[in-house]
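Here's a quick briefing for anyone opening this structure for the first time. Have a look at it, then read on.

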Amino acid sequence: MCFARVVTAAIGLCVTGYALAQESAISRGEYLIHAGGCIDCHTDEHDDAIRLAGGRALKSPFGTFYSPNITPDVETGIGAWSDEDFLNAFWEGVNPAGENYYPTFPYPSFTGIQREDLLAMKAYLFSIEPVRQAAPEHKLPWFLSTRRAVGVWKRRYFEAARFSPLADRSDQWNRGAYLVRHLGHCGECHTPRNRLGAIRKDRELAGNPNTPDGEVIPNVTPHRIDGIGNWTADDIEYFLDIGMFPDGDFVGSTMSAVVENNTSKLTRDDRLAIATYLKSVPPQPLAD
Amino acid sequence: MGRTLIGAVTIITVVLAVSVSGAAGPAPADAVKYRQSIMKAMSGHAGAISMLARGRAGDPAYLARHAKALVNLGAEIGLVFQEGSIVEDSEALPAIWEDPEEFAKVVATFEAAISSLGDVADSDDMQVIDAAFREVGQACKGCHEKFRVKDD
C-alpha cells in the first residue's frame, strides 16, 4: 500500500519533470525559431497567411522556390519527421528521403547549429497547430529540376560542420558569431555570392548590390564609408531592436520584417553579441 | 477685435490660396525636395529622442521639445504626397497613388502614433515616452516597407 503510493508519487514526479523539460524546450525553441528567422521565409506574404505553413515564393537567379510547410501536419508538413530527420535537414541539407535540398534552405549556414538548439526548435514546431497546406512546385530551369544537380554543387561548396567556439575570443563574441553565421544566417543575404550561388567567404557581410528583386542588400562590415563602421555596438543593438538607423531614419526594406519577426524578439544580450561580432569582422569595401 | 478680423481674413486667404494652388500643385521636383526636408527633419528629431531615451547623450529636459517637434512635423505627412510628386531620385513608390486606400491606412496609423506621442510628450516617465516613440517608429517602418524604394 505504502509502496504503491511511493511508486505512484515517483511516476507522477517523473511525468511532471518530463513535462517541465518539454515546456522549457518548447519556449526555448520558440526563441530560437525567431533567432533563426524561420517565420519570414516559411510564411506566405498575403495578409491572412498562416504562420510557418509555407508557400512563400523566393525568387533567385536560378528560378523561383516555394518554401515548404513546417507545421506538424503529417502529410504536407513535418509531422512525420524523427529527430534524426530534423537534424539531417539542417546539418547535411537532405530531406527524410535522403534527397538534397536546394541551398535556398540555408543549410550551408544552419549546419553549424548545435544539436540541443535544433531539438528545441523541433519541439516548438511540433507544439503548434498542424496546418494542411502543400507548397507549390518550384519553378526551375530544366538543368536544375533534378536535385542531383545540387549534389554536384554540395560536393564543391558545402561542408557539414558544427560551430565550435574560439577559445581566444569572449563568450559574447562566440555567441554573436554563432547567431550571425549560423542560426541567424545573416550572410545568406548580406554576403555576396559567386556565379554558382555559393557564398564568398572572403567577402563576409560585404553586401549584395544585385539581388533578383532589385533590392540592394547593404554592407554590414565595419567599413567606415561602405559599411557600418561609424555605428557603435549600441547603435547596432538599437537598430536590431526597433529598426532605427543612427540618423533617425527607419528601415523599410526586407530587413524591416527581419527586425519585426526576429531580432526585436531577442534578448538585449543576444543583440549586443551580434553587434560585438559585426564590429569584429574585417572591413570590406562594397566593390571588390 | 480688428486684429481678430485681420487674422480671420488672413487665414481665409491662406486657405483659399492653398486650395487654389493645390489644384495645380508645386513642380514635382520641388514637392519631392519639400517632402524630403520634412522627412529629414523628422528623422533628426527621432534620432535625438532615441539618444535621450537611452540616456546616451543630451539633457532629458529637452526630450519633450523633440517629441513635440516630431508631432508638429508629423501632422504634415498626409499632405506632402501629392499625386505626381515623383522624380528620378525620389524614393517614393508609385504604389502610393496606385493603392490610395492602403496608403491612407498607413498614414492614419502614423497619425495615431504621433498623436499618442504628443499626449505623453510632457511626461516625466522616460519609459512612457519611449513606448510611444517605439510606436511611431513602428508606423514609420510600416509605411517605408510598403511605399519606399528598398535600398536600405
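This is a predicted model: local features need pLDDT of at least 70, side-chain atom pairs count only at pLDDT 80 or more; totals for chains, interfaces and linings use all residues.

Residues are numbered from 1 along each chain as its sequence is written, chains are lettered from A in the order in which they are written, and side-chain values use heavy atoms, with hydrogens and water left out.

**Chain B overall**
- Chain B has 6 helices and 0 strands (helices are DSSP runs of H or I with at least four residues, strands are E runs of at least two, numbered from the N terminus).
- Of its 152 residues, 34% are buried (under 20% relative accessible area, with a 1.4 Å probe and protein chains only; exposed is over 50%, partly exposed in between).
- Among contacts in chain B with a separation of 6 or more, 69% link residues 24 or more positions apart (contact means heavy atoms within 4.5 Å).

**Helix H9 of chain A**
- H9 (residues 233-242) of chain A is mostly covered, with 9 of its 10 residues buried, including A:Tyr238 and A:Phe239.
- The buried residues of H9(A) pack against H10 (255-261) and H11 (268-280) of chain A, plus H2 (28-53) and H6 (126-147) of chain B.
- After H9(A) comes A:Gly243, with a positive phi near 85°.

**B:Glu91**
- B:Glu91 sits in the loop between H3 (63-74) and H4 (95-98) of chain B.
- B:Glu91 is partly exposed, at 31% relative accessible area.
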